[in-house]
Amino acid sequence: MVGWRAAVLCLWISCVSVAGQLEYSVSEETERGVVVGSVAQDLRLSAASLSLRNFRFLSSHGETYFGVDLASGSLVVREPADRERLCGAKAVCVLIYELVLEDPLELHKVHVHVLDINDNSPHFPAGDVQFHIPEFLMPGARLTLPNAEDADEGSNGLLSYSLSPSRHFRLDMGSRVEGSEFPELVLEKALDREQRATHRLVLTARDGGLPARSGEVQVTIVVVDTNDNAPVFERSVYRTKVPETAPSGTVLFRVQASDPDEGSNGEIRYSLSNNTQAKLRHYFHVHPRNGEVRVAASLGPPETLLEAYIEARDEGAFSLASTAKLLVEVTDVNDHAPDVNLLTLYSPVSEDAATGTVIALLSVRDEDLGPNGKVTCSMYSGGPFKLKASFGNYYSLLTDGPLDREQVSEYQVLITASDGG
């Protein structure tokens, strides 16, 4: 019994005719019903004989993308094939089928080459890119950009890159050891955060298909601040006048400086500069944050010009500073009354004294300055007298007419001194 089975098996194998394989090519995504080739003609059979010989078209895949139309004997598309889904990144995508005929038994291999079309655009799997780079970075520095991917093959998947126009950056291609290339961002011109803190570029990947497809990714460069700017005062010289009696706490100035740097590099503290003479430093108090300069002690005599220097310094690790000049003119206050000093008095006076006879000599003075210390004298007497300015601050009291003791034996003369305050 065992021998009989072996004999039958040998007979079955001997009857099978294995012919060469049939090769067909079709572009991916070809629509249903499109004829790929004529199987019957390539086998030198009529279409009718396929049914008579119990023709079978066998697939090793889960889905049947291609089939044979028994009426025409043609290989036709049953379902559109997506080459990338079927074969991924393989250079050659082949679907293998078996074609079986009976009476006599024949077995044929059918290879259907699924050809790539440019149906995929390049894309950047990593998404948008952001770099944080310091503004002191020197031209020539390179930043590696991400590669794009394209599921297509051949020229359809061959990528080239371009960069949106930029005054500061250009695109270059770097190469790996195995020969593949990758895009690089090259710094062409030094950056200045104070002029432009953020640069936004677009990296474009384009494949070699006809027509070409492209994909984009945004590249953002955030320029990180360095302490490359010193504070700058809004004025180089601050000038004011202040009365000599100004009390402590009187605000003289509010200086203002600016620094375009960021964070602590742009935060400013104010103080009296070392350029200020030591003997003048006690006159002023400077608020370190708001820049208010106040009187800290009596400013001394009027008509004094106090010269001090104030410093604005940032709080960067390597701080930078600048100075401005303060000019404070101490002005006089009319805080002194004129002083009248009677130097000489000739009394009594003879009634026959000639007109113009000097009766008294007096001086006036005022410790104030300017108009506050300019003294004028006036007189009231009711008699024949006049007041005459001599020189400087001296005045003479003179007779200005005849005297008659029998009519008036005594006169009260009132002399008033007034300053110009």
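User: What counts as a salt bridge, and with which residue does E406 form one?

Analyst: Side chains of opposite charge can pair when their charged atoms come close. The rule used is a side-chain nitrogen of Lys or Arg within 4 Å of a carboxyl oxygen of Asp or Glu. E406 meets this rule with R405, the closest N and O atoms being 3.4 Å apart. This is a predicted model, in which local features need pLDDT of at least 70 and side-chain atom pairs count only at pLDDT 80 or more, while totals for chains, interfaces and linings use all residues. Residues are numbered from 1 along each chain as its sequence is written, and side-chain values use heavy atoms, with hydrogens and water left out.

User: Is E406 buried or exposed?

Analyst: The classes rest on relative accessible area (1.4 Å probe, protein chains only): buried is under 20%, exposed is over 50%, and partly exposed lies in between. E406 has a value of 55% and is exposed.

User: How many salt bridges does the rule give?

Analyst: The count comes to 15. One of them is between the side chains of R170 and E188, at 2.9 Å from N to O. This pair links distant parts of the chain, 18 residues apart: R170 is in strand β12 (residues 169-175), and E188 is in the loop between β13 (181-187) and β14 (198-207). Strands and helices here are DSSP runs numbered from the N terminus (strands E, at least two residues; helices H or I, at least four). R170 is partly exposed at 32%, and E188 is partly exposed at 43%.

User: Which residue forms a salt bridge with D225, and where do the two partners sit?

Analyst: The partner of D225 is R193, with 3.1 Å between the closest N and O atoms. D225 lies in the loop between β15 (214-224) and β16 (232-233), R193 lies in the loop between β13 and β14, and the two are 32 residues apart. D225 is buried, with a relative accessible area of 11%. R193 is also buried, at 11%. Salt bridges can also share partners: R142, R170, D172, E184 and E188 are joined into one network in this way.

User: What surrounds E184, leaving aside its neighbours within four places in sequence?

Analyst: Contact is read as heavy atoms within 4.5 Å. With those neighbours left aside, E184 touches R142, L143, T144, L145, R170, L171, D172 and G174. E184 itself is in strand β13 and is buried, at 11%. Its side chain also makes a polar contact with the side chain of R142 at 2.6 Å. A polar contact is a pair of N or O atoms within 3.5 Å; within protein, one must be able to donate a hydrogen and the other to accept it, and residues adjacent in sequence count only if both atoms are side-chain atoms.

User: Where is T144, and what is T144 in contact with?

Analyst: T144 belongs to strand β10 (residues 142-144). With 49% relative accessibility, T144 is partly exposed. Its contacts, with neighbours within four places left out, are F131, F182, P183 and E184.

User: How many disulfides are there, and which residues does a disulfide join?

Analyst: A disulfide is a pair of cysteine sulfur atoms within 2.5 Å, and the count is 1. C87 is joined to C93, with an S to S distance of 2.0 Å. The torsion about the S-S bond is about 65°, so the disulfide is right-handed. Both cysteines are buried, C87 at 12% and C93 at 3%.

User: What is the strand order in the open sheet of 3 strands?

Analyst: Two strands pair if DSSP finds at least two bridges between them. In this sheet the order is β3-β6-β5, with antiparallel pairing. β3 (35-38) and β5 (66-69) are the edge strands, each pairing on one side only. β5 and β6 (residues 74-77) pair over 4 bridges, and G67 stands opposite V76 in β6.

User: Where is Y283, and is Y283 buried or exposed?

Analyst: Y283 is in the loop between β20 (268-272) and β21 (284-286), and counts as buried at 15% relative accessibility. Y283 and R294 are 11 residues apart in sequence, with 8.5 Å between their C-alpha atoms. Beyond neighbours within four places, the contacts of Y283 include R294, V295 and L306.
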